[in-house]
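Reader: I am new to reading protein models, and I would like to learn how to follow strands and packed side chains. Could we go through one example together, step by step?

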Amino acid sequence: MGIIISSAVTRSGGVSSVGQAAEAARDALTGAGCSPEQVDALINVGVYRDANLVEPAVAALIQQAAGIGLDYRRGDVPCLSFDLMNGACGVVNAVGVAASLLADLPTGHVVVVSGDAHPSGRADAEFAFEPVGAALVLENSAEAVGFGGVHVSAGDVLPDPQGYVKLSAMGAEGRSSLTVELLTGTAELVEHATIAAREALAADDIEAGQVVLLCGKPTADFADELAARLGVGAVVTDDFATDAHTSALTAAFVAARDAGLAERPLLFVAADGGPTAAAVTYRGVGVR
């Protein structure tokens with residue numbers, strides 16, 4: 001039995017991280033044929049949120065907006081929702097957590113949502129990342145290998161913050177302002193991504209030439225350099241003009257699926273500041 005993606009959706013064009021993630025979650029559940037009452041957990045991996053909210057957990061707001069598990073009935077197990085923030089690597093980390101949850105829930109469903117948006121909620125606001133909402137529905141399958149184990153590689157030094165509100169300068173605009181310092185170098189990101197990816201391939205006994213690499217675009221040349229280093233059969237990123245950040249891997253999966261490539265073994269690889277990287281293999285139904 002393996003953990004599979006039964007549905008994947010991205011939504012763009014909005015200005016609310018909560019709104020777009022909730023819309024994606026609703027549509028993903030419809031695609032999976034799963035009712036909101038059947039969701040056991042919702043994990044939000046988005047980082048940049050509406051109005052720079054700190055509390056409550058944004059996952060709870062997305063759960064409410066998506067109408068998931070809102071009616072409590074005697075004997076029902078309520079939906080667990082929580083935030084898991086590790087930048088672009090969050091989706092891979094969430095897959096690992098979801099696998100642990102689903103190990104005790106043979107017929108369970110876990111929804112992983114993501115999305116970043118400018119805190120001001122303005123459509124014309126300059127923002128470092130593509131405002132995209134995305135959702136994956138994960139469940140057990142007796143017919144697929146599904147996801148392998150999660151593998152990570154990270155630097156030894158605690159990184160400086162890359163996205164933050166500058167308290168000394170925000171004035172009355174703290175709810176709608178944000179400073180994001182983007183990475184400009186590729187070498188360290190590729191180095192850690194390569195380590196994590198090779199460990200994932202070796203652990204699951206998959207040759208690099210067989211897989212389709214799914215990754216984001218933390219720098220302009222990251223995907224091409226990583227693909228060349230690994231020697232993969234193909235590489236797919238998301239279709240957006242700029243980095244979709246926490247939604248990049250889901251968007252890349254949607255692009256690969258729509259191109260008919262999801263029937264091949266997949267290798268999800270994410271990298272972000274730190275540097276840190278995470279990788280996991282995936283073989284869906286019919287893929288061995």
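Predicted model: local features only at pLDDT ≥ 70, side-chain atom pairs only at ≥ 80, totals over all residues.

Reader: In which sense do strand 12 and strand 13 pair, and over how many bridges?

Author: They pair in the antiparallel sense over seven bridges, and Ala270 is found opposite Ala278 in strand 13. The two strands form a hairpin with three residues between them, and in the turn Gly274 has a positive phi of about 140°.

Reader: How should I read the two faces of a strand?

Author: In a regular strand the side chains alternate between the two faces of the sheet.

Reader: Why is strand 12 described as largely enclosed by the rest of the structure?

Author: Strand 12 covers residues 266-272, and seven of its seven residues are buried, so the strand is largely enclosed by the rest of the structure.

Reader: Which residues have the most contacts inside the largest nonpolar core?

Author: That core has 37 residues, and those with the most contacts inside it are Ile5, Leu138, Phe147, Leu214, Phe253, Phe268 and Tyr282. A second, separate core has 23 residues, including Leu201, Ala208, Val269 and Ala279.

Reader: How many aromatic pairs are there, and how does one read their geometry?

Author: The count comes to eight aromatic pairs, and each is read from the distance between ring centres and the angle between ring planes. For Tyr48 and Phe127 the centres are 6.0 Å apart and the planes are at 85°; planes over 60 degrees apart count as edge-to-face, so this pair is edge-to-face. Tyr48 lies in the loop between strand 2 (41-44) and helix 2 (58-66), whereas Phe127 lies in the loop between strand 4 (109-115) and strand 5 (132-141), so the pair ties together parts that are 79 residues apart in sequence.

Reader: Is the pair of Phe147 and Tyr282 stacked, edge-to-face or tilted?

Author: Their ring centres are 4.6 Å apart and their planes are at 50°, so the pair is tilted. Phe147 belongs to strand 6 (residues 146-147) and Tyr282 to strand 13 (residues 276-283), so this pair ties together parts that are 135 residues apart in sequence. Together with Phe253 and Phe268, these two residues form one aromatic cluster.

Notes: Residues numbered from 1 in each chain as written. Heavy atoms only, no water. Core = buried A, V, L, I, M, F, W, Y, C linked by side-chain atoms within 4.5 Å. Buried < 20%, exposed > 50% of the residue type's maximum accessible area, 1.4 Å probe, protein only. Phe/Tyr/Trp six-rings, centres within 6.5 Å; stacked < 30°, edge-to-face > 60°. Helix = DSSP H or I, 4+ residues; strand = E, 2+ residues; numbered from the N terminus. Pairing = 2+ DSSP bridges.
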